[in-house]
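Please read the report below alongside the sequence and the 3D view.

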Amino acid sequence: MIKHEMMQVVSQRPLTHNVYELTLQGELVRFMNEPGQFVHIRVNNDYLPLLRRPISIAEIDQTHEQFTMIYRAEGAGTSLLAEKQAGQSIDVLGPLGHGFPLDAIESDQTALLVGGGIGVPPLYELSKRLREKGVQVIHVLGFQSKADVFYEREFLALGETYIATVDGSYGTKGFVTTVIDEQQFSYDIMFSCGPTPMLKALENNYTNKPLYISLEERMGCGIGACFACVCKQREDSTAYKKICSDGPVFQAGEVLL
Ligand SMILES: Cc1cc2nc3c(=O)[nH]c(=O)nc-3n(C[C@H](O)[C@H](O)[C@H](O)COP(=O)(O)OP(=O)(O)OC[C@H]3O[C@@H](n4cnc5c(N)ncnc54)[C@H](O)[C@@H]3O)c2cc1C
Ligand code: FES
């Protein structure tokens, strides 16, 4: 069920120079049950910016009716979001979309979770839920440089964690694919979220195991009404899927990247 609520800011803190962790509280959290779902946020009470901003759910705490998101302050909307402080309220619509399918893996199997940059956040709740189910998790997280790395400790607490940086200032020099090729992991399923070139590389290079990808494309309404987020289906290029309501998580090959 989708709910609309003015949620209370519990905390906001910078994780890197432009990435923030924001925790909100409210009844809406009761309806969050799939890792990989997102919320749609109205960042300002004024007229502008007009459109809501979609942000993934990074962690759910049902006991305290709180959830956490991690976002990069880069444009007008997310920069306004970064100014919010504890005690203020934020207009939230959610939870939206379909997340990662937990039933696609058995409890004694191994999942490889691959995140790129600001695509890393939804993998955290996913990893926690997989661990609760008894699944082994391996994380491969890619960033531009050491200064951009966040949540390494949190992921390490859940399972093996490898970091790749493009400039080589931390972890393995290169992309997430460099780590996967070097380590030759044994796994049963891969889950991923990150920039489209990274998702394309995973889809093209690792075809022998199931792969689920989460797409972070431009959105309007977030609820399937405006067609702003459509993408072509691979098997029938005249048919479309809506990322907001059919996704954001798709099985590799379902949609054209
Ligand atoms: C399902 C989903 C989950 C996401 N999860 C996260 C997350 O966890 N953390 C995070 O930092 N970012 C996430 N994003 C991307 C985030 O929504 C954009 O970075 C953000 O909307 C940019 O807003 P802005 O005001 O900073 O940028 P501006 O450039 O000011 O935005 C201008 C316009 O473009 C739209 N827009 C620009 N980039 C995007 C984009 N990538 N996706 C959708 N709309 C866009 C905005 O909605 C706005 O209408 C997610 C996107 C989607 C679709
Ligand atoms: S954002 Fe409006 S249909 Fe998907």
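Strands β3 (residues 38-42) and β7 (residues 89-96) are paired in the antiparallel sense over 4 bridges; two strands count as paired if DSSP finds at least two bridges between them. Arginine 42 stands opposite aspartate 91 in β7. Strands of a sheet pair through backbone hydrogen bonds, either parallel or antiparallel.

This is a predicted model, in which local features need pLDDT of at least 70, side-chain atom pairs count only at pLDDT 80 or more, and totals for chains, interfaces and linings use all residues. Residues are numbered from 1 along each chain as its sequence is written, chains are lettered from A and ligands numbered from 1 in the order in which they are written, and side-chain values use heavy atoms, with hydrogens and water left out.

The open sheet has 7 strands in the order β4-β3-β7-β1-β2-β6-β5, with antiparallel pairing. β4 (53-56) and β5 (59-61) stand at the edges with a single partner strand each, so one side of each has no neighbour in the sheet. From one strand to the next, the twist averages 35 degrees.

Helix α5 (residues 196-205) has residues of both kinds listed here: buried (under 20% relative accessible area) and exposed (over 50%), with partly exposed in between (1.4 Å probe, protein chains only).

| Group in α5 | Residues |
|---|---|
| Buried | Met198, Leu199, Leu202, Glu203 |
| Exposed, on the face turned away from the buried side | Pro197, Asn204 |

Seen down the axis of α5, the buried residues fall within an arc of 135 degrees, so they line one face of the helix. Among the elements that cover them are α4 (176-183) and β12 (189-193).

Conventions
Helix = DSSP H or I, 4+ residues; strand = E, 2+ residues; numbered from the N terminus. Arc of directions from axis to C-beta. Contact = heavy atoms within 4.5 Å. Axes fitted to C-alpha atoms, helices over the stretch in contact; angles between N-to-C directions.
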